[in-house]
Amino acid sequence: MRQISRYKIAIAAGGTGGHLFPAKTFASQLSQQGVDVFFGGHNLSLNPFFQGRCQFRSVDIPSAPLTEPFSFVTTACCRGVTKAIGLLRHEQPSLVVGFGSYHAFPMLAAASILRIPIVLFEANCWLGKVNRLFRPFAKKIAYQLPPTKHDRKAVMVSRLPWGASPPKIDQKQARRAYGLSETVPTFLVFGGSQGANVLNQRIPAILNRLEGSFQVIHCTGRNQTAIPYTIPCVIKEFESEMALAYAAADFVIARSGASTVAELMLFEKPALLIPYANAADDHQTKNANFLSDSVLGAKLCVESGDVKAAVSALVQDASTMVEAICAWKAKETTTKDLAAWICSDFISSV
């Protein structure tokens, strides 16, 4: 058996926080077990979700979206794959773990060419384009949410955020931290790491006119703004301490990205989910369907729907939705920790 301290794993990742935050946490967990980890992906050196406190080696690999054929062929397939092959030949990892999006394509293509084992992580209920493309070459596919379509290669792993526990922050304490009233029911509104103009422009007007006394924490996303609130509010571009925001909240209004759905389950918060209408393969609606239809822990409303009525329904049914989330979690079968599973199934067997 190869010693874990001499084992090397490459992580193919890039793009939004939804891809990079779990990839970085996974890398940290591997490093704690003595595994040598490095990243390869598009524009990592410029990505605000990767830089900062990131302590891992990384190499920028050129890539381009699959939806831009000329750039994809010239940049991703030619320059990107060539550079990725050189990187993998130099580093000689025993495994490449892909975290989705076109940013990971060259590394996964190079690993397939060099016959390096691949494991794919899929945060959503539906495989993204790049993960579907490399599914035939993957040993296993790690899902955090139940896949909409049966997948014989599926392994269910712990939901995001990995390594987190439900907050032990008192709700009143959390509200004080935001300068809000300790006793007024509180909404948390956010559109993921990049924000959502639909939420920023429509939700304030609805909450301003909602019958009753409420206050709100609204995360707009970087370089975006929300229309003015007339109720007590805290407006931030980005919240790095989401556990504090969830602790302060009674209700959540958000997109239905994979990380958001997982966090709502972890923190047991009732939500109104408004999927991004242009998400690839409509994967955000599939994620929302899991939480609204299977778990019964959320309301779902499309962007063109009656959002005002959906907000009222959220407030009315909040306690029932919390009970449903708790009941679902109580009956769940045990899932595997991705880092521990990788070390057990791939390192110990080598």
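1. Start at the end of helix H8. Glu268 follows H8, and its phi is positive, near 55 degrees. Helices here (H or I, at least four residues) and strands (E, at least two) are DSSP runs, numbered from the N terminus. This is a predicted model, in which local features need pLDDT of at least 70, side-chain atom pairs count only at pLDDT 80 or more, and totals for chains, interfaces and linings use all residues. Residues are numbered from 1 along each chain as its sequence is written, and side-chain values use heavy atoms, with hydrogens and water left out.

2. H8 itself is mostly covered. Nine of its ten residues are buried, where buried means under 20% relative accessible area, exposed over 50%, and partly exposed in between (1.4 Å probe, protein chains only). The buried set is Ala258, Thr260, Val261, Ala262, Glu263, Leu264, Met265, Leu266 and Phe267. Note that Glu263 is on that list. The cover includes strands S8, S11 and S12 (271-273), along with helices H7 (242-248), H9 (283-294) and H10. Contact here means heavy atoms within 4.5 Å.

3. How do H8 and H10 cross? The axes of H8 (residues 258-267) and H10 come within 9 Å and cross at roughly 90 degrees. Axes are lines fitted to C-alpha atoms, for helices over the stretch in contact, and angles run from 0 to 180 degrees between N-to-C directions. The two helices are therefore roughly perpendicular. The bands are under 35 degrees for roughly parallel, over 145 for roughly antiparallel, 65 to 115 for roughly perpendicular, and oblique for the rest. H8 brings Leu264, Met265 and Leu266 to the contact, and H10 brings Ile325, Trp328 and Lys329. By class, that makes five nonpolar, no polar and one charged residues. Nonpolar covers Ala, Val, Leu, Ile, Met, Phe, Trp, Tyr, Cys and Pro; charged covers Asp, Glu, Lys and Arg; the others, Gly among them, are polar.

4. Gly297 sits in the loop between H9 and strand S13 (298-300). Its relative accessibility is 0%, so Gly297 counts as buried. Its contacts are Lys269, Pro270, Ala271, Leu291, Met321, Ala324 and Ile325, leaving out residues up to four places away in sequence. From Gly297 to Ala27 is 270 residues along the chain and 31 Å between C-alpha atoms.

5. Helix H6 has one covered side. Leu199, Asn200, Ile203, Pro204, Ile206 and Leu207 are buried in H6. They lie on the same side of H6, because they cover an arc of only 165 degrees around the axis. The arc is that of the directions from the helix axis to the C-beta atoms. These residues pack against strands S8 (186-190), S9 (215-219) and S11 (251-254), and against helix H10 (307-331).

6. Phe121 is worth a look. Phe121 belongs to strand S5 (residues 118-122). At 3% relative accessibility, Phe121 counts as buried. Phe121 touches Pro22, Gly98, Phe99, Gly100, Asn131, Ala142, Gln144, Val157, Leu160, Trp162 and Leu338, not counting residues up to four places away in sequence. Leu338 is 217 residues away from Phe121 in sequence, yet 9.0 Å away C-alpha to C-alpha.

7. The peptide bond from Leu160 to Pro161 is cis, with omega near -10 degrees. Pro161 is in the loop between strand S7 (154-156) and helix H5 (171-177).

8. Two loop residues have positive phi without being glycine. Gln92 has phi near 55 degrees and lies between helix H2 (69-91) and strand S4 (95-98). Its relative accessibility of 62% makes Gln92 exposed. Arg115 has phi of about 60 degrees and lies between helix H3 (105-113) and S5. Arg115 is exposed too, at 76%.

9. Last, Ala10 in strand S1 (residues 8-12). At 0% relative accessibility, Ala10 is buried. Its contacts, apart from neighbours within four places in sequence, are Phe38, Leu88, Pro93, Leu95, Val96, Val97 and Met107. Glu332 is 322 residues along the chain from Ala10, with 31 Å between their C-alpha atoms.
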